[in-house]
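Please keep the sequence and the coordinates open while I talk.

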Amino acid sequence: MDKSKTRVMTKKTKRVVFDIETEPFSQGFLDAKTVADKTNEAPKMRIACVYEEKVDKYHYFDPTQAEALIKILSESEEVISFNGKEFDVLVLKKHYGLDHNNIPAKGTHVDIHEIMTDIT
């Protein structure tokens, strides 16, 4: 058998990329020094977008659909965000019923902002 023509099927990771856009920041949020204070002052979501790699599809969520957004993020194997750990997760906790910090519930959260901050 010609190995160059053999295709190996591999399981695709359930990977998503997400971002949340919010209402303007309050002065209280801008002045907050602790995670608890930032969470308390976190603005409400206006819209969120998730790209789901496995199905090559974008999903958009308004605030009334936050439960579905949390479900996708929690059930993913890998989540990629930009400042998601220090901001987007706080928004979901404050206003939309997220009761833990782990997005995804079991898996990896790659925060590009965190990586860039570590490098610089």
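Just after helix α4, Gly97 takes a positive phi of about 85°. Before I go further, this is a predicted model, in which local features need pLDDT of at least 70 and side-chain atom pairs count only at pLDDT 80 or more, while totals for chains, interfaces and linings use all residues. Residues are numbered from 1 along each chain as its sequence is written, and side-chain values use heavy atoms, with hydrogens and water left out.

For α4, a straight helix of 13 residues would span 18 Å at 1.5 Å a residue, but α4 spans only 15 Å between its end C-alpha atoms; the expected span is 1.5 Å times one less than the number of residues. The buried residues of α4 are Gly84, Phe87, Asp88, Val89, Leu90, Val91, Leu92 and Tyr96, where buried means under 20% relative accessible area, exposed means over 50% and partly exposed lies in between, with a 1.4 Å probe and protein chains only.

Now to the strands on either side of that helix. Which strand pairs with β4 over four bridges? Strand β5, residues 108–111, does so in the parallel sense, and two strands pair if DSSP finds at least two bridges between them. Glu78 stands opposite Thr108 in β5, and the chain crosses from β4 through α4, residues 84–96, to β5 in a right-handed β-α-β crossover, a term that requires the path from the first strand over the helix to the second to run clockwise with the strands pointing away from the viewer. Further along, Asp111 of β5 is the bridge partner of Ser81. Strand β1, residues 15–22, also pairs with β4 in the parallel sense, over three bridges, and there Val17 has Ile80 as its bridge partner in β4.

Let me turn to the aromatic rings. A search of the whole structure finds four aromatic pairs, counting rings of Phe, Tyr and Trp (its six-membered ring) whose centres lie within 6.5 Å, with planes under 30 degrees apart called stacked, over 60 edge-to-face and the rest tilted. Phe25 and Phe29 form a tilted pair, 4.9 Å centre to centre with 45° between the planes, and Phe29 and Phe87 form an edge-to-face pair, at 5.6 Å and 75°. Phe25, Phe29 and Phe87 form one aromatic cluster. Phe29 is buried because its relative accessible area is 10%, whereas Phe25, at 43%, counts as partly exposed.

Terms used. Helix = DSSP H or I, 4+ residues; strand = E, 2+ residues; numbered from the N terminus.
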